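Here is a friendly walk through one protein model, written for someone who likes cut-offs stated plainly. Please keep the viewer open as you read.

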Amino acid sequence: MKPYSSARDEFKGTAKVFLDANESPFPNGLNRYPDPLQRSLKAELGAYFGVYGEQILLGNGSDEPIDLLIRAFCEPNRDHILITPPTYGMYEVCANTNSVSVINAPLDLDYQLQTEALIERLNDCVKLVFLCSPNNPTGNLLDEKSILQITDATKGLVIVDEAYADFSGFSMLKHLPSRPNLVVLKTFSKAWGLAAIRLGMLIAHPDVLFWLNRIKAPYNINRMTMDCASQILNQKGTVAQQVQQIVEEKNRLVSFLESSVLVNHVFPSQANFVLVRFKDVQKVFQHLLSEGIVVRNRSNLPECLGCLRISVGLPAENNMLMQALRALERTQSL
Ligand SMILES: *Cc1c(COP(=O)(O)O)cnc(C)c1O
């Protein structure tokens, strides 16, 4: 396939006048098409994450790189992706949209990888293995050795979605140089506090990037998103402080929940949310709703029976949640 070649792809160098892209000539800060390869932002991101700019693909959220991976590497109605339920829903949705079927290799009762059973399910048609660490909705990190074992066992790519890695302080990025089939996904939507700008990142071997860059939409990242991301990279200290505060608030919430008579189990979390199994999940969910507090009901997933996923908010918001649960506890003991 011959990729689309934009005006900005074909001209390299510095020009006096741009009359090549049918843009408006009236300067307003946004009248020119942005760099299709976002080189300047990738250089900043590369320096932050310790990778080369050429190893980075930027997407409209992480959803775009997930879709690009499936479209680039899976033949519809023939190839498969492998996922480890319970996990993030977009992998399956993107596969289905592209007529690519999904093989499940469920996590065990502690939400860890069942490495051998997973490896047995690999074959030449399993082109992509999606792992999420820390995992959504369970909150735990997946075992590093298991991830590496799976990466070494497959002929396809292993994608580790690190949307919540900033909260765990652990990343698989250090293994990229020795594993050309390892792919890491990052997002600006969680710890970086920029869900609205829609910016996701894929980091991998340049050979993987070569194929993805051929099929991505030419100007997929807009100028305002790039400027905003660049600004936040200059406020790393603020982000680090916020991450720290979220982790402290999560610990406070976890201690509260562990002592609550409504709770059956609090799953260990390395993310900015906690998965909690309640004794009567519908009652708790409805009670919180009646108090105007919305949490994610995951109790209909077979692997998460009775569970709610609760995001960590501001201290005042977490207090509201805890007060609402205390009030329900009191009605229970009457
Ligand atoms: C929130 C989340 C993302 C981020 O998606 P964006 O499209 O970048 O907002 C990616 N992966 C997981 C597992 C998530 O929970």
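The report below covers the core, a helix, the aromatic rings, the cysteines and some backbone details.

## Ground rules

This is a predicted model, in which local features need pLDDT of at least 70 and side-chain atom pairs count only at pLDDT 80 or more, while totals for chains, interfaces and linings use all residues. Residues are numbered from 1 along each chain as its sequence is written, and side-chain values use heavy atoms, with hydrogens and water left out.

## The nonpolar core

Let us start inside. The largest nonpolar core has 52 residues, and Leu45 and Phe188 are those with the most contacts inside it. Such a core is a set of buried Ala, Val, Leu, Ile, Met, Phe, Trp, Tyr and Cys residues joined through side-chain atoms within 4.5 Å. Here buried means under 20% relative accessible area, exposed means over 50%, and partly exposed lies in between (1.4 Å probe, protein chains only). Helix H9 (residues 223-233) gives this core its largest share, four residues. Helices (H or I, at least four residues) and strands (E, at least two) are DSSP runs, numbered from the N terminus.

Which residues does Phe188 touch, not counting residues up to four places away in sequence? They are Leu45, Gly193, Leu194, Ala195, Leu199, Met201, Ala229 and Ile232, where contact means heavy atoms within 4.5 Å.

## One side of helix H8

Helix H8 (residues 206-215) has Val208, Leu209 and Leu212 as buried residues. They sit on the same side of H8 because they cover an arc of only 95 degrees around the axis; the arc is that of the directions from the helix axis to the C-beta atoms. The cover over the buried residues of H8 includes strand E1 (56-59), helix H3 (63-73), strand E5 (157-161), strand E6 (182-187) and strand E7 (200-203).

## Aromatic rings

The whole structure holds nine aromatic pairs. Rings of Phe, Tyr and Trp (its six-membered ring) pair if their centres lie within 6.5 Å; planes under 30 degrees apart count as stacked, over 60 as edge-to-face and the rest as tilted. One of the pairs is Tyr48 with Phe49, edge-to-face at 4.8 Å centre to centre and 90 degrees between the planes. Tyr48 is partly exposed at 35% relative accessibility, whereas Phe49 is buried at 16%. Tyr88 and Tyr91 also pair edge-to-face, at 5.5 Å and 75 degrees.

Ring pairs also link Tyr48, Phe49, Phe188 and Trp192 into a cluster. Elsewhere, Arg309 lies over the face of Phe273, 5.7 Å from the ring centre; this label needs NZ of Lys or CZ of Arg within 6 Å of the ring centre and within 35 degrees of the ring normal.

## Cysteines

How many disulfides does a search of the whole structure find? It finds zero, a disulfide being a pair of cysteine sulfur atoms within 2.5 Å. The closest cysteine sulfur to that of Cys125 is in Cys74, 9.7 Å away and so too far for a bond. For Cys304 the closest is in Cys307, at 5.3 Å, also too far for a bond. Cys304 is buried at 0% relative accessibility, and Cys125 is partly exposed at 26%.

## Backbone details

The peptide bond from Ser133 to Pro134 is cis, with omega near -5 degrees, and another cis bond joins Asn136 and Pro137, with omega about 15 degrees. Pro134 is found in the loop between strand E4 (126-132) and helix H6 (144-153).

Gln38 is not a glycine, yet has a positive phi of about 50 degrees; Asn77, not a glycine either, has a positive phi of about 60 degrees. Gln38 is buried at 1% relative accessibility, while Asn77 is exposed at 71%.
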